[in-house]
Amino acid sequence: MNGDYDAIILGTGLKECILSGLLALNGRKILHLDRREYYGGDSASVNLAKLYELAGKSEGFTQIGRVREWNIDLIPKFILANGILVKLLMYTGVTNYMNFKLVEGSYVYKSGQLYKVPSNEAEALSSSLMGFFQKRRFRTFLEFVSAFDFANPKTWGEVLPDSTTMAEVYENFGLDQNTIDFTGHALALYLDDDYLNKPCAETIKRINLYRDSIAKYGKSPYIYPVYGLGELPQGFSRLAALHGGVFMVNKPVDEVIMEAGEAVGISSGGEIAKAKCIVGDPSYFPDSVSKIGQVIRCICVLSHGIAGTDESLSCQIIFPQNQLKRKSDIYICLVSDTHKVAAKGKYLAMISTTVESLNPEEELKPALDLLGEIDEKFVFITDLYEPNDDGINSKIFISKSYDPTTHFETTCTDIISLYERITGEKFDLNSVKREVTDEE
């Protein structure tokens with residue numbers, strides 16, 4: 001461990017491992033430590049026995065299938081097929097170490113029922129999600145968004161991307177509240193309705209990202225790794241190791257060494273390592289982060305699929321906030337043995353949302369009721385943290401906690417921001433090396 005490094009990274013969560021890979025790939029000397037004995041940190045994939053242990057239910061452990069058949073995500077998310085994470089996978093070549101499967105579909109909850117999120121114009125026109133006149137208006141709206149070119153004001157009409165609010169755009173096209181809910185939460189993938197009163201540019205980009213992700217493979221905007229999300233931090237760790245990165249697990253950090261207000265190294269078990277900066281997740285820097293809320297995640301083992309999803313072996317379900325009279329959405333990610341993450345014939349339904357009350361588990365009732373009979377349930381309530389500053393002066397760069405969204409866009413935005421602050425260089429997402437393909 002002793003030596004001088006460009007960066008010392010603490011924790012092997014996905015954000016930290018992607019940073020290791022990016023920094024090492026671009027010539028930085030990296031030392032990467034984790035106090036835990038396994039890779040992935042809070043974003044690891046674990047077997048069923050470990051999940052019982054983490055949930056404090058070891059005494060009730062019942063093995064279903066073989067241990068190696070289970071790879072259960074602690075922070076469930078899907079990957080947008082044309083999103084930032086795919087571009088990072090392509091840029092780094094980590095696709096060499098992984099295989100992906102297409103997620104079968106996306107559904108939205110409305111008035112007690114599930115409706116498939118249309119994946120093409122034909123599905124949109126035949127869907128009962130919207131009435132006849134709304135379908136026509138929605139199609140006109142999508143045509144406008146698809147043709148919107150930020151470099152060509154002639155495509156803007158009366159919309160000014162940096163000043164016209166999204167609420168005003170919806171009003172201009174005559175979209176009703178149901179269509180607005182569907183668009184903002186199932187296509188633009190917002191957690192809540194705060195976006196409505198902000199400039200429309202970001203929402204237009206998000207809707208087009210969703211469209212482009214569907215266009216990638218034709219049926220769904222999402223892909224998911226075979227063997228679960230734990231493959232991601234391991235893949236990026238392998239990349240960093242191939243470029244000289246040094247990794248040590250089960251290695252606690254005793255102290256971050258500061259000189260003149262700047263981090264210059266760490267001590268661990270009597271050893272000292274020096275570095276130009278220290279990077280890590282919030283758990284390593286409790287005095288330098290602020291709690292901004294909580295997330296509840298509920299992992300359910302099922303022996304059946306979810307009713308109303310056309311017997312899907314994998315899907316996303318979104319409960320828009322207004323449908324449940326909440327401030328934020330509820331999400332379900334469903335995966336199964338087809339992804340090598342569960343025993344034969346079993347499904348994993350993973351629910352997540354922002355905590356809004358003193359009884360978080362009760363907030364999940366609409367989602368839990370939708371699942372039907374549940375074989376086993378594991379509930380985790382996690383504090384959300386973000387750093388108190390950008391780290392440029394202290395040379396301590398801290399990642400944000402993982403939010404409850406079912407995609408990686410906010411996760412990757414944080415990673416790129418960290419990379420640019422650490423290096424002082426702009427990261428070019430378009431410098432890709434290869435394609436990502438799904439297994440089928």
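**Figure 1. Secondary structure and overall dimensions of the chain.** The chain of this predicted model contains 12 helices and 21 strands, where helices (H or I, at least four residues) and strands (E, at least two) are DSSP runs numbered from the N terminus. Its radius of gyration, taken over C-alpha atoms, is 22 Å, close to the 22 Å that the globule rule gives for 440 residues, so the chain is as compact as a globular protein of that length. The globule rule is 2.2 Å times the number of residues to the power 0.38. Along its principal axes, the C-alpha trace spans about 70 × 55 × 45 Å.

Figure 2. Of the 440 residues, 57% are buried (under 20% relative accessible area, with a 1.4 Å probe and protein chains only). Among contacts (heavy atoms within 4.5 Å) between residues at least 6 apart in sequence, 72% join residues at least 24 apart.

**Figure 3. The open sheet of 7 strands.** The strand order is β9-β8-β17-β18-β19-β16-β20, with mixed pairing; two strands pair if DSSP finds at least two bridges between them. At the edges lie β9 (113-116) and β20 (376-387), each of which pairs on one side only.

**Figure 4. Strands β17 and β18.** Strand β17 (residues 315-319) runs antiparallel to strand β18 (residues 330-336), and 5 bridges join them. Cys315 stands opposite Leu334 in β18. Strands of a sheet pair through backbone hydrogen bonds, either parallel or antiparallel.

**Notes.** Residues are numbered from 1 along each chain as its sequence is written, and side-chain values use heavy atoms, with hydrogens and water left out. In this predicted model, local features need pLDDT of at least 70 and side-chain atom pairs count only at pLDDT 80 or more, whereas totals for chains, interfaces and linings use all residues.

Terms used
Buried < 20%, exposed > 50% of the residue type's maximum accessible area, 1.4 Å probe, protein only.
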